[in-house]
Amino acid sequence: MLRKTDFFIDGKWVAPTVAKELDVINPADEQPFAVISLGSAADVDKAVAAAQRAFPAWSATSREQRIALLEKLLAAYNRRVRDMAQAISWEMGAPIKLALEQQAASGSGHIKSFIEVLKSFEFEEPLNDKNPQERIVREPIGVCGLITPWNWPMNQVALKVVPALAAGCTVVLKPSEIAPMSSIVFAEMMEEAGFPAGVFNMVNGDGPTVGEAMSRHPGIDMMSFTGSTRAGVAVTKASAETVKRVALELGGKSPNIVFDDADLTDAVTRGLAHCFENTGQSCNAPTRMLVQRPVYAKAVDIAAKYAATVKVGNPAEDGDHIGPLSSDVQFEKVQGMIDAGIKEGARVVAGGLGRPEGFNRGYYVRPTVFADANNDMRIAREEIFGPVVAMIPFETEEEAIAIANDTPYGLSAYVQTGDKARAQRVARKLRAGMVQINGTDRPYGSPFGGYKQSGLGREGGKWGIEDFLEVKAISGFEEGLG
């Protein structure tokens with residue numbers, strides 16, 4: 001049993017103000033493998049005070065100084081990437097291959113990307129050629145509270161901590177209490193890299209206590225949150241009292257439009273593989289597969305046969321299988337949504353209720369495909385966050401766009417077609433922050449975020465740094481004086 005009950009505050013590992021221990025559960029066997037402490041408002045106060053003390057000096061550092069420290073962080077991360085992958089696999093059930101090649105790798109990928117962006121980022125520039133004495137200056141917003149989720153822990157930690165520090169901000173991080181061990185490893189890397197005391201602080205805890213205290217804290221200038229839309233609303237409301245900036249990366253119910261001229265087998269199997277990856281626990285998963293009527297029956301058959309081949313297995317074992325869901329709460333939620341789909345009349349063509357054959361413990365679920373769904377069903381409207389796909393037929397391009405946009409979310413969308421002109425035309429009409437055509441991957445540095453209830457702001461690349469900056473206009477600026 002690992003004991004990691006201290007917090008990282010002001011450059012040191014310190015005990016919580018009041019001990020409140022919590023077991024960290026391995027979702028593969030439902031057994032605790034580590035113990036952490038849940039923090040309190042008093043711990044948040046200490047972390048914020050440290051970040052406030054560190055801000056004046058850190059915000060005045062040069063681009064070169066920040067790059068040098070971020071490069072040390074990247075080196076430390078690369079040295080311990082297997083430790084990171086193991087922590088992620090234990091805490092949220094990611095198969096070890098996925099944990100190493102995608103989960104842990106996303107952290108180093110984002111650090112490297114932000115270093116490259118920072119090298120050429122414009123912190124100051126004239127308004128335009130006609131007004132050179134109107135100087136536009138981008139300055140760090142201040143102390144930033146960062147709340148990260150359990151499903152892609154290092155992806156989100158890197159997308160928040162690194163651009164905030166690159167911008168010149170100081171931070172207080174609260175990782176998910178379900179998956180805190182990877183962030184503890186990250187804090188150890190930050191310590192090894194040698195960031196000044198108070199620049200990076202980490203307090204473990206739950207949302208109603210530590211998350212609430214951070215959101216309401218007058219010493220925090222900005223909150224950046226990734227998680228459910230419900231929790232994002234709570235952070236926004238609490239932050240409103242001090243009129244602090246809020247950046248949100250929330251839920252999704254992403255449509256995957258498959259036209260009848262697409263390579264059908266490729267489009268359907270790729271869509272299911274993407275949805276089932278990480279056991280469906282991705283906010284941008286293509287969970288609604290919209291298929292044009294002439295090829296709908298064939299697509300359903302392809303989907304059913306593919307889903308039957310998807311293996312579920314122990315995350316400790318090497319391979320391309322999917323692992324368990326992250327927690328008992330998530331397991332019950334997904335089972336409830338599958339049951340709702342059955343009761344609403346959707347046709348189960350793969351998977352269904354219960355654990356897969358051979359499993360009597362662990363939060364494992366059956367990869368599930370519903371056919372003959374419609375966009376009014378709960379399985380088509382609510383974020384399930386499990387390996388569940390709802391297949392919906394459509395007739396025309398216009399109907400596909402209407403169904404795709406008929407959602408409170410707007411994070412991602414996917415288009416599969418052999419017609420390049422149609423692909424671009426449809427992509428422009430989809431109300432989503434990210435659209436991927438025919439399986440194209442998103443590179444590091446591309447902005448991640450969505451429309452509507454999928455969030456506010458963008459993470460990644462120059463947009464990620466801009467989120468943590470204030471804009472100041474200085475009139476009468478003369479070159480060469482400062």
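In strand β5, A34 is the bridge partner of L2. That pairing belongs to a predicted model.

**The three-strand sheet**

- β1 and β5 (residues 31-37) run parallel to each other, joined over three bridges.
- Both strands sit in an open sheet of three strands, ordered β1-β5-β4.
- Pairing across this sheet is mixed.
- Its edge strands are β1 (2-4) and β4 (21-26), and each of these pairs on one side only.
- From one strand to the next, the twist averages 25°.

**The helix across the sheet**

- Helix α3 spans residues 81-92.
- α3 lies across β1, β4 and β5.
- Relative to β4, helix α3 runs at about 95°.

**The annotated domain**

- An unreviewed UniProt entry places the feature "domain: Aldehyde dehydrogenase" at residues 13-474.
- This span is 42% helix and 21% strand.
- The end C-alpha atoms of residues 13-474 lie 41 Å apart.

**The annotated residue E249**

- UniProt lists E249 for "active site", again in an unreviewed entry.
- E249 is in strand β12, which covers residues 245-249.
- Is E249 buried or exposed? E249 counts as buried because its relative accessibility is 2%, and buried means under 20%.
- Which residues does E249 touch, leaving out those up to four places away in sequence? They are Q156, F225, T226, G227, C283, L411, F448, S454 and E459.

**Cavities**

- How many cavities of 30 Å³ or more does the structure hold? There are four.
- The largest cavity has a volume of about 70 Å³.
- Its lining is made of 17 residues.
- Nearest the centre of the largest cavity lie P255, Y409, G410, S412 and R431.

**To take away**

- At the sheet, β5 lies between β1 and β4 in the strand order, and helix α3 lies across these strands.
- At the annotated "active site", E249 is a buried residue that touches C283 and E459, among others.

Note on methods
Residues numbered from 1 in each chain as written. Predicted model: local features only at pLDDT ≥ 70, side-chain atom pairs only at ≥ 80, totals over all residues. Heavy atoms only, no water. UniProt positions renumbered as here; feature names shortened; annotations may be inferred. Helix = DSSP H or I, 4+ residues; strand = E, 2+ residues; numbered from the N terminus. Buried < 20%, exposed > 50% of the residue type's maximum accessible area, 1.4 Å probe, protein only. Contact = heavy atoms within 4.5 Å. Pairing = 2+ DSSP bridges. Axes fitted to C-alpha atoms, helices over the stretch in contact; angles between N-to-C directions. 1 Å grid on protein atoms, 1.4 Å probe; cavity = no way out; pocket = protein on both sides within 12 Å on 5 of 7 lines; lining within 4 Å. Points joined across faces, edges and corners; volume = space filled by probe spheres on them.
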